[in-house]
Amino acid sequence: MEVIHKIGRRKTAVARIYLSKGKGNITINKKELKDYFDTATLQYKVNQPLALTENEGNFDIKVNVFGGGITGQAEAVRLAISRAMCELDAENRLILKPEGLLTRDPRMVERKKFGQKKARKKFQFSKR
């Protein structure tokens, strides 16, 4: 099996993964998974596609991720791993699609408008 390269995105975070046969090591920006994503929730999000397809411990995954916040990065990695699982076996698509792991979340931050405090918040007027 050759190396599979996939990209996942969430908000402004972009994750590129390289999946190859191995012992289940996940390296993110040259750090271990537990060092990069320190909370159990984020680790669960990253491992979710592997757990659902029963592939934990079968592949080594090298990840380059940049942009966005820590949660957006974890969800970008999750999308990239889900896409790679589908390329390995078409049956995995039937498992991951109902869980919503193959859907790119389109929500982005709304831009700040001219003459306003934030995207929707206005300046306060005071009557004196």
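Biologist: In which helix does glutamate 91 lie, and is glutamate 91 buried or exposed?

Modeller: In this predicted model, glutamate 91 belongs to the helix that spans residues 91–99, which is α4. Because a residue counts as exposed over 50% relative accessible area, and glutamate 91 has a relative accessibility of 51%, glutamate 91 is classed as exposed.

Biologist: What distance separates the C-alpha atoms of glutamate 91 and threonine 53?

Modeller: Glutamate 91 and threonine 53 stand 38 residues apart along the chain. In the predicted fold, the separation between their C-alpha atoms is 9.1 Å.

Biologist: Which residue in β5 is the bridge partner of isoleucine 28?

Modeller: β5 pairs with β2 in the antiparallel sense over 8 bridges, and there tyrosine 18 has lysine 62 as its bridge partner. With β3, β5 pairs in the parallel sense over 3 bridges. The partner of isoleucine 28 in β5 is valine 63.

Biologist: Which element supplies the largest share of the largest nonpolar core?

Modeller: The largest nonpolar core has 28 residues, and Val46 and Ile81 are among those with the most contacts inside it. Contributors of at least two residues each include β2, β5, α2 and α3. The largest share, 8 residues, comes from α3.

Methods
Residues are numbered from 1 along each chain as its sequence is written. This is a predicted model: local features need pLDDT of at least 70, side-chain atom pairs count only at pLDDT 80 or more; totals for chains, interfaces and linings use all residues. Side-chain values use heavy atoms; hydrogens and water are left out. A nonpolar core is a set of buried Ala, Val, Leu, Ile, Met, Phe, Trp, Tyr and Cys residues joined through side-chain atoms within 4.5 Å. Buried means under 20% relative accessible area, exposed over 50%, partly exposed in between (1.4 Å probe, protein chains only). Helices (H or I, at least four residues) and strands (E, at least two) are DSSP runs, numbered from the N terminus. Two strands pair if DSSP finds at least two bridges between them.
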